[in-house]
Amino acid sequence: MSSETQAGSGSFTSSLGRIYGIYTGGFVAFIILVAILEKAGVPNKILGYMFVGFTILVYAFIGIISRTVQVSEYYVAGRSVPAFYNGMATGADWMSAASFIGMAGSLFLLGYDGLAFVLGWTGGYVLVAVLIAPFLRKFGAYTVPDFLSARYGGNVARFLGVIVLLACSFTYVVAQIFGTGLIAQRFLDMDFTVAVYVGLAGILVCSMLGGMRAVTWTQVAQYIVLIVAYLVPVVILSAQKYGLPIPQLTYGQALQEITALEQSFLQNNLATAATLKPHTTPFLNYSPANYFALILCLMVGTASLPHVLMRYFTTPSVRDARISVAWSLLFIFLLYFTAPAYAAFSKLEVYSTLIGKNLADMPQWVFSWGKLGLVTICGKAAESVQAITAACGAVSGHTGVLRLQDFGINTDVVVISTPEIAGLPYVITGLVAAGGLAAALSTADGLLLAIANALSHDVYYKMIDKNAPTARRLIVSRVLLVIVAVLAAYTASTRPSDILAMVSWAFSLAAGGLFPALVLGIWWKRANSAGAVAGITVGFGLTLFYLVVSRYYPHLGVQYFGMSSLLNPVSGAPLISAENMAKFLADPAIASGPALVTNPLASKVGWFNINNISSALFGLPAGFLAMYVVSMLTAAPSKAMMDFVDACRRPRGGTIMEEKTS
Amino acid sequence: MDSQKEDHHWQSTSKLMLVMMALWLFFSYIIHMFVTPLNGIKIFGFPLGFYMASQGSLIAFVVMLFWFAKAQDKIDRDAGVAEDD
């Protein structure tokens, strides 16, 4: 069977360059066509629909021609994806709607401190390449829990692995579908709920028929769309402003201009020292400890997220798995080292054309986003000149000149408004919409597959019916995929307010739950089954406990678990003073759980002044410690298990886990 | 496969792992602990501390991984445990 697959896929892989070359050319031609139609006077709304419709049709087409009835094709794309293309697919898999749309905005708001995300979401790949991925590829797992089960002998570790996987993947996939809805709503004026189900259809048609194989080739196509869409507007903007189309270099000048403007605002009373946070000055939003803790949690989380790790199960060899991680990081790097340029250009635009100007002279883009409530001036949505004049008139001592503290912007606006700020035609806005959609859909595909595979392969096949024939396994897999997808879309359509915050939890949950068991499983032969069970339980449990208590039950955290108010990163004073804390705890409306977002204590308490976004800082060492102590207290693994670990460490000799072929 | 050769392979692999982890630690954390003094140095308008977090460390990570893939492959080949090409 294997030689047949290789012969078949050999001719396919050799023509990949040509296929994706033609595809990229076709995409560029399509952009030009839309640009011509725009000149001809076709309305923007139709152009927007063309962009989204065309790209989704292409993804669906790839999904349909890549359909498969083979188990190994369905789960690991026949292990025939070249390192370079797997790198692209991983890039799309990894970069979500939040990376594409939200990250530049976070950098705009947080300045230097936002770079924790840039560092965390790239540096994690070093851990993936060195500590984990090649060894899992050698083992030949279909899913991450597969490895846990083989290494820690049995279904307890497998089941715990599935629970951690579900906990960190489900909220994440809901957020992607939510992102799809937002993009369609903002760019296309589509109804949010309708958009969510359109997105769902786009996701399902890719992943259901062809599993990993279809998702892989769709993700490569989606990567090309998303990276072109991300780079084009900012490259044009850079060329316009500085005469050099390399934004990553020219934004250094923008940073200098921003710093100069920041100084002049202070001198001219356009900003107060308390509200102005100089863009390049560190640790104004996160204390140093929180900054480095966040980097650690994001990096270790990256190295533990199952939907990322499983991408490296698809390469032809262990060697290719390693090279593939390097390619992945290069493709991810292209976006992440551009995001700070977006942030700087946007900030410069706001600082130079808005702040210090009369309210009557605001540029048009302020109102077009203000109408959606995404730009606020003097605390009110900037819908029109009249609205902002009225809002600022209500502020005592306001002179009618916009000050820094009057201005508010939603993080999503930075990327999606750049084409408009640069005065580019609508075709570029449509392109950005298509890119954001590609980012959301590709990540959702990977996550859904990770969830459905864990349920069908680990729970159904390995734990419930070990004799299930191949055909039935694939049917179960597809049915579960649809069920999970519909459930996720339904959850997204209810617009859960906390969902975006919960995504950042996924990294801590994955880090605390899976990292110790994965790393020690390969690097420490003495690690045994009881140790792994203890490590996963303690690591995941403590991380989840810290998240849930500090977010939803802060009053219990303060009263029973020794938590205290987080501190202001600049002044070091508690966010909630001792007297206020006593007052809040005495108020039954506040001190009864679960706390809503508006609860004054929610996410404002913790241990050692550590934000709950970095909660793996506690779970991770606890998980390692529990695993070490319990392993040492119980019997060493058998000789067979030691040999198994040796085999994982040696690239030569084919996969260890053998799949029955019929 | 004699076990001595295999032990040697794992020793070299572990050593490379430690080198990579040390570099990772340096570019992820140590360099950024000096962000404030580094920000006093300007390159193309970038304060150096800001530049390291926004580009410098990222470039280092990418280069490290390509180098690692090569170095580990050499270790595997020398020990005779590499996969067939």
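In helix α17 of chain A, the exposed residues Q386(A) and G393(A) lie on the other side of the helix from a buried set made up of I388(A), A391(A) and C392(A). Seen down the axis of α17(A), these buried residues fall within an arc of 90°, so they line one face of the helix. An α-helix has 3.6 residues a turn, so residues three or four places apart point the same way. The helix itself spans residues 385–393 of chain A, and its buried residues pack against two strands of that chain, β1 (375–377) and β2 (380–381). The model described here is a predicted one.

At the level of domains, chain A is assigned a domain 1, formed by residues 42–337 together with 422–662, and a domain 2, formed by residues 346–421. The C-alpha centres of domain 1 and domain 2 of chain A lie 33 Å apart, and the contact takes 28 residues from domain 1 and 21 residues from domain 2. On the side of domain 1 of chain A that touches domain 2, at least two residues each are supplied by α6 (97–110), α10 (192–242), α11 and α19 (426–464) of chain A. The largest share of this side comes from α6(A), which contributes 7 residues. By class, the residues on the domain 1 side divide into 18 nonpolar, 8 polar and 2 charged.

The contact between the chains takes 39 residues from chain A and 35 residues from chain B. On the chain A side, the elements that give two or more residues are α7 (115–139), α11 (247–267), α12 (288–302), α14 (318–336) and α26 (639–649) of chain A. Of these, α14(A) provides the largest share, with 10 residues. The side of chain A that touches chain B comprises 25 nonpolar, 8 polar and 6 charged residues.

As regards confidence, the model scores ipTM 0.96 and pTM 0.94. For chain B, the mean pLDDT is 93, and 98% of the residues of this chain reach 70 or more. Within chain B, confidence is lowest in strand β1 (residues 42–43), where the mean is 90, and highest in helix α3 (residues 48–78), where the value is 96.

Notes
Residues are numbered from 1 along each chain as its sequence is written. Chains are lettered from A and ligands numbered from 1 in the order in which they are written. This is a predicted model: local features need pLDDT of at least 70, side-chain atom pairs count only at pLDDT 80 or more; totals for chains, interfaces and linings use all residues. pLDDT is the predictor's confidence in each residue, from 0 to 100. Helices (H or I, at least four residues) and strands (E, at least two) are DSSP runs, numbered from the N terminus. Two residues are in contact if their C-beta atoms, placed from the backbone, lie within 7 Å. Ala, Val, Leu, Ile, Met, Phe, Trp, Tyr, Cys and Pro count as nonpolar, Asp, Glu, Lys and Arg as charged, and the others, Gly among them, as polar. Domain bounds come from an automatic or database domain assignment. A residue is buried if 20 or more other C-beta atoms lie within 10 Å of its own, exposed if 12 or fewer, and partly exposed in between; C-beta atoms are placed from the backbone. The arc is that of the directions from the helix axis to the C-beta atoms.
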